[in-house]
Amino acid sequence: EVASARPGVLELMEEGLARPDIAMGICSAATKAGFEQVVNSVVKKERLSRFDVIKAGDDVDKKKPDPMIYNLAQKLVGLPPDRCVVIEDSLVGLRAAKAAGMKCIITPTESTKNCDFFAEGADAVVEDLSGVKIDAVFDAIFSGAKNVTDLTGKKTGGSVTKNADRALLFDCDGVIVLTEELHRLAYCGAFEHFNMKINGEPVVWDVPYYDILQNTVGGGKPKMRWHFAQNAWPTYTMNGEERPVPTSEEEQTKLIDALQDQKTVIYKKLVSEVASARPGVLELMEEGLARPDIAMGICSAATKAGFEQVVNSVVKKERLSRFDVIKAGDDVDKKKPDPMIYNLAQKLVGLPPDRCVVIEDSLVGLRAAKAAGMKCIITPTESTKNCDFFAEGADAVVEDLSGVKIDAVFDAIFSGAKNVTDLTGKQPAGKTA
């Protein structure tokens with residue numbers, strides 16, 4: 001009585017069914033009875049009669065995420081797996097398609113829209129199939145582009161990277177946007193929200209103290225744990241009730257989680273109101289994203305919610321769709337200065353560490369990059385400008401990225417020069433080894 005096709009589905013089917021060079025199929029995990037009711041009502045029998053293969057869950061012994069149904073379809077259409085493109089809506093379906101060696105486009109539903117499909121290997125993620133054209137589908141998916149978010153053929157979506165021989169990885173907070181003060185204000189707002197006190201005194205992180213935290217501990221939750229371990233755990237108010245000092249690991253974790261959630265709410269509001277990119281950042285990103293020989297990434301120690309608010313507001317979603325790897329602190333078990341996030345990025349871009357250049361703003365980030373075996377450029381902030389970055393192994397320190405050119409970056413960093421202070425290509429980069 002109520003079922004109807006999602007936007008663009010029937011139009012894309014018709015376009016494909018009219019093409020003699022494209023085999024068309026439907027592969028569902030549902031039982032045949034329910035599946036047939038849906039497709040007969042929505043797709044209609046006449047259209048179904050023109051498909052090359054139609055299979056339901058009853059036709060195979062193993063269900064998705066097992067690839068059996070896609071393996072069967074591939075044999076029936078007589079094409080190799082890498083010439084087959086699947087359209088799915090869930091991680092289960094994506095895993096089945098990938099296990100079968102096929103390309104996969106995701107059209108998320110309300111219940112799956114927050115899944116990280118690109119992290120699981122999706123070739124494209126689009127809201128629905130409205131305006132999607134059959135040639136644009138195959139052109140984008142078979143081009144080798146990554147993180148594709150548009151299949152209409154009207155704009156460029158996804159990474160252009162092919163056979164990259166170098167990578168440029170950006171930190172977020174302090175590199176893309178000057179966010180230290182916004183973070184500090186958000187933490188203080190969260191402490192005030194929960195009426196936190198240590199020995200009767202309100203918990204407040206002033207500017208000098210936050211500067212120390214910035215250069216000592218990476219990640220929000222680790223910062224708070226470090227602070228309380230150094231000073232004492234606080235009393236606080238939650239749900240209108242005054243609470244004593246948390247003594248168990250469970251109580252302390254619940255408090256930290258609640259603080260981080262509240263901090264993120266405040267921080268996202270501040271970011272949406274005042275955040276803007278540091279000089280030269282977006283220009284350097286655009287130059288790198290246009291280059292097929294350079295893999296581009298963003299690796300932040302921040303929690304995903306706060307990180308996404310920053311990059312969506314400042315970098316913008318279309319530009320983000322063209323990056324090869326984007327990871328936040330939630331994506332790894334250990335935060336900077338541990339190199340885990342950079343080790344992960346290096347594996348995803350498929351390059352050795354010594355072909356990866358990181359842009360950071362702090363000693364914590366520099367140590368993470370160096371521990372991963374990567375080159376590192378520093379763009380200091382007000383709170384880190386007095387640090388001796390060269391003593392800790394920085395390959396370059398520049399005030400900001402104004403006028404910085406992508407070729408000058410790699411020419412200087414890979415030349416063996418030391419103590420580089422200019423990346424514009426207008427003057428000698430630094431001392432040679």
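## The model and its overall make-up

This is a predicted model, in which local features need pLDDT of at least 70 and side-chain atom pairs count only at pLDDT 80 or more, while totals for chains, interfaces and linings use all residues. Residues are numbered from 1 along each chain as its sequence is written, and side-chain values use heavy atoms, with hydrogens and water left out.

The chain holds 16 helices and 15 strands, where helices (H or I, at least four residues) and strands (E, at least two) are DSSP runs numbered from the N terminus. Its C-alpha trace spans about 75 × 65 × 35 Å along the principal axes. Of the 433 residues in the chain, 49% are buried; buried means under 20% relative accessible area, exposed means over 50%, and partly exposed lies in between, with a 1.4 Å probe and protein chains only. Among contacts (heavy atoms within 4.5 Å) with a separation of 6 or more, 61% are between residues 24 or more positions apart.

Strand 4 (residues 103-106) is joined to strand 5 by two bridges, the two running parallel, and I106 has V125 of strand 5 as its bridge partner.

## Strand 13 and its neighbours

Five of the five residues of strand 13 are buried. C356, V358 and E360 point one way from the strand, whereas V357 and I359 point the other way. Strand 13 pairs with strand 6 in the parallel sense over four bridges, and in that pairing L168 has V357 of strand 13 as its bridge partner.

Strand 13 also pairs with strand 14 (residues 375-378), again in the parallel sense and over four bridges, and here I359 stands opposite I377 in strand 14. The chain passes from strand 13 through helix 15 to strand 14 in a right-handed β-α-β crossover; right-handed means that, with the strands pointing away from the viewer, the path from the first strand over the helix to the second runs clockwise.

In the loop between strand 14 and strand 15 (396-397) lies T379, which is buried at a relative accessible area of 1%. Leaving aside residues up to four places away in sequence, the residues that T379 touches include G174, R278, I359, E360 and D400.

## The buried side of helix 14

Helix 14 (residues 340-349) has I341, Y342, A345, Q346 and V349 as its buried residues. They cover an arc of only 140 degrees around the axis, which puts them on the same side of helix 14; the arc is that of the directions from the helix axis to the C-beta atoms. Their cover includes strand 6 (166-170), strand 11 (294-299), strand 12 (325-327), strand 13 (356-360) and helix 15 (363-371). After helix 14 comes G350, whose phi is positive, near 70 degrees.

## Aromatic rings and charges over them

A pair of aromatic rings is described by the distance of the centres and the angle of the planes. Rings of Phe, Tyr and Trp (its six-membered ring) pair if their centres lie within 6.5 Å, and planes under 30 degrees apart count as stacked, over 60 as edge-to-face and the rest as tilted. By this rule the count comes to nine aromatic pairs. One of them is the stacked pair of Y187 and F191, at 6.4 Å centre to centre and with 25 degrees between the planes. Both residues lie in helix 7 (residues 180-193), four residues apart, about one turn of the helix; Y187 is buried at 3% relative accessibility, and F191 is buried at 1%.

The rings of F410 and F414 have centres 5.6 Å apart and planes at 35 degrees, so this pair is tilted. F410 is buried at 2% relative accessibility, whereas F414 is partly exposed at 26%. The charged end of R355 sits over the ring of F414, 4.3 Å from its centre, and R83 lies over the face of F142, at 4.2 Å from the ring centre; a charge sits over a ring if NZ of Lys or CZ of Arg is within 6 Å of the ring centre and within 35 degrees of the ring normal.

Conventions: Two strands pair if DSSP finds at least two bridges between them.
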